[in-house]
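I opened this entry to keep track of what I looked up, residue by residue, beginning with a single side chain and its surroundings.

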Amino acid sequence: SGSSDPYCVVKVDNEVVARTATVWKSLNPFWGEEITLLLPRGFHSLTIYVLDEDVIGEDDVIGKVSLSHQQISAQPRGIDSWLSLAPVNPDQEVQGEIYLELRVPEQGHPRVLRCHLIQARDLAPRDPSGTSDPFARVSCCGHTLETAVIKKTRFPYWDEVLEFELPEEELGEAVLSVELWDWDMVGKNDFLGRVEFPLDTVCPGPTRGWFQLLPFPSTAEDHRGQLGALRVAVRLVEDTVLPPHHYHPLIQLLTEPILCPGQPPEGTALAVLEEVTSGESRQDVATKLVKIFLGQGLAVPLLDYLTTHELARTNDPNTLFRSNSLASKSMEQFMKLVGLHYLHKVLKPVLSRIFEEKKYVELDPSKMELSRARRISFKGSLSEAQVRNSSLELLKGYLGDITDAIVGSVDECPLPMRVAFKQLRRRAEERFPLAQHEEVRYFSISGFLFLRFFAPAVLSPKLFGLREQHAEPRTGRTLLLLAK
């Protein structure tokens, strides 16, 4: 059809840790998915593979982007850019580690490098049986030696020592190369991975341990731009977590305006925090604040404090909580943390039916595809008015089911959310007591409950864990109209 159904797979070293949803029928997919990974300290690389999902047969690999630990950690503020996709040859994708010991005696002539190849693990399967026949090929100073072949395993154990005489004049620049190969009786052997050791790093003392196998130097530069590009934002955060008592002064500083409400609001830590946080970081700050106060049992008082001060700054009730302030973001994060199970219970049955039925829904005449809409009727083509009326009835039906589910879920709404909204209503009444502002008490709540909680979940169910996949275009259009 001239398009693809792309999705991404994320690997840390050789372990698959995440998969995005599939974006159907697109050569310019947008995922917008944020993945947080807890990484081992010694990880080597982060690789993102872009694949094309096929209903029949294996999925096609389009390309990959690979970032080393050094590349990521060299950018403290993170990497956010377009990166060209490199080609992926399945036969050259390496995985696994090798355990060896290198030792060069400090004295003796000639000096001899002892390479003790002990074992390897988690090697790539290169044979149809799902295993390999691995052997090691070690090269140094123009000489090459090989270990025995261990048949039908991805976890070979050699326990062999290979020795190389080292010319003194080449010692400073010499490199020891260890390559693992899969032995084949017919045809050429398959590459499994390699490691290299400059001898000047070995000579001061023995080198022993597990070492990650690496591929041959990449030729991705030759293919720059031919396979497309992937925009990623990657940031590595290395936190040191101290014992709890180290955080008591910070927690006291943050909770002081809540526990001791008499002081002027301008000088509190929360007020200063809102002033110094930029719009792009306010979401992170709000998330951490809500988690801290939830841990202290003070999340609802925190929201009451923040919304009260935002109400005090607002003169026009029509603009209330419309900006991405610390109060708005904190309430949004609070609902996600406290109410996600509730959200699933309310919306999942209706959304699942919408995904299963895949009805054609369109209200905009400029976007109607009347040939597609024929499936609605067995009487031939439908007019724009008929498509619009049919779409309107479908939308009313879906929307009625959603609103009925929400209104009927009062008793299931988490108690902390109900208390937070009760306080918000009271504060809105106090700030706007006139009869002409009677509705403020209601839309101050509905602005959060509908615009920042239910509507985003209807629009993008995947981002709230309601679906495993993003909606295909037809269902996505229905969800957009429902959210509006």
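I began with Phe-334 and listed what it touches beyond four places in sequence: Val-290, Leu-294, Ala-299, Val-300, Leu-303, Gly-339, Pro-416, Met-417 and Ala-420. I note here that I am working from a predicted model.

**Cores**

I then asked which residues have the most contacts inside the largest nonpolar core. That core has 43 residues, and Phe-334 is named there together with Met-331, Leu-347, Met-417, Phe-421, Phe-453 and Phe-454. The elements that each give two or more residues to this core are α6 (299-313), α7 (326-357), α9 (384-407), α10 (415-431), α11 (440-459) and α12 (473-483), and the largest share, 11 residues, comes from α7. I also found a second, separate core of 26 residues, which includes Ile-98, Leu-123, Phe-164 and Leu-180. For context I wrote down that nonpolar side chains in soluble globular proteins tend to be buried together.

**Helix α12**

I went back to α12 and listed its buried residues, which are Arg-474, Thr-475, Arg-477, Thr-478, Leu-479, Leu-481 and Leu-482. At the start of this helix I found a side-chain oxygen of Glu-472 within 3.1 Å of the backbone nitrogen of Arg-474.

**A nonpolar patch on the surface**

I next looked at the surface, where Val-241, Leu-242, Tyr-247 and Leu-250 form a nonpolar patch with about 370 Å² of accessible area together. Is Val-241 buried or exposed? With a relative accessible area of 71%, Val-241 lies over the 50% cut-off and therefore counts as exposed. I located Val-241 in the loop between β14 (229-234) and α3 (248-259).

**Ser-4**

Ser-4 lies in the segment before β1 (6-12), and I checked its accessibility separately. The value is 18%, which is under the 20% cut-off, so Ser-4 counts as buried. Leaving aside neighbours within four places in sequence, I found Ser-4 in contact with Val-23, Trp-24, Lys-25, Ser-26, Leu-27 and Asp-52.

**Salt bridges**

How many salt bridges does a search of the whole structure find? The search gives 22, and I followed several of them in detail.

Arg-19 pairs with Glu-53, with the closest N and O atoms 3.0 Å apart. This pair links distant parts of the chain, since Arg-19 is in strand β2 (residues 15-19) and Glu-53 is in the loop between β3 (45-52) and β4 (60-68), 34 residues apart. I recorded Arg-19 as partly exposed at 36% relative accessibility, whereas Glu-53 is buried at 19%.

Glu-97 and Arg-121 meet in a salt bridge of 2.8 Å, N to O. Glu-97 belongs to strand β6 (residues 97-103) and Arg-121 to strand β7 (residues 111-121), and the two are 24 residues apart. Glu-97 is buried, with a relative accessible area of 19%, while Arg-121 is partly exposed at 32%.

For Glu-412 and Lys-345 I noted a salt bridge with the closest N and O atoms 4.0 Å apart. Glu-412 is in the loop between α9 and α10 and Lys-345 is in helix α7, 67 residues apart. I have Glu-412 as partly exposed at 43% relative accessibility, and Lys-345 as exposed at 51%.

My last entry is a network in which salt bridges that share partners join Glu-101, Arg-103 and Arg-208.

Technical notes: Residues are numbered from 1 along each chain as its sequence is written. This is a predicted model: local features need pLDDT of at least 70, side-chain atom pairs count only at pLDDT 80 or more; totals for chains, interfaces and linings use all residues. Side-chain values use heavy atoms; hydrogens and water are left out. A nonpolar core is a set of buried Ala, Val, Leu, Ile, Met, Phe, Trp, Tyr and Cys residues joined through side-chain atoms within 4.5 Å. Buried means under 20% relative accessible area, exposed over 50%, partly exposed in between (1.4 Å probe, protein chains only). Helices (H or I, at least four residues) and strands (E, at least two) are DSSP runs, numbered from the N terminus. Contact means heavy atoms within 4.5 Å. Patches are made of residues with over 30% relative accessible area and no salt bridge: like charges are joined within 9 Å, nonpolar side chains (Val, Leu, Ile, Met, Phe, Trp, Tyr) within 5 Å. Accessible areas come from the Shrake-Rupley method with a 1.4 Å probe; for residues, only the protein chains shown count as cover. A salt bridge is a side-chain nitrogen of Lys or Arg within 4 Å of a carboxyl oxygen of Asp or Glu. A polar contact is a pair of N or O atoms within 3.5 Å; within protein, one must be able to donate a hydrogen and the other to accept it, and residues adjacent in sequence count only if both atoms are side-chain atoms.
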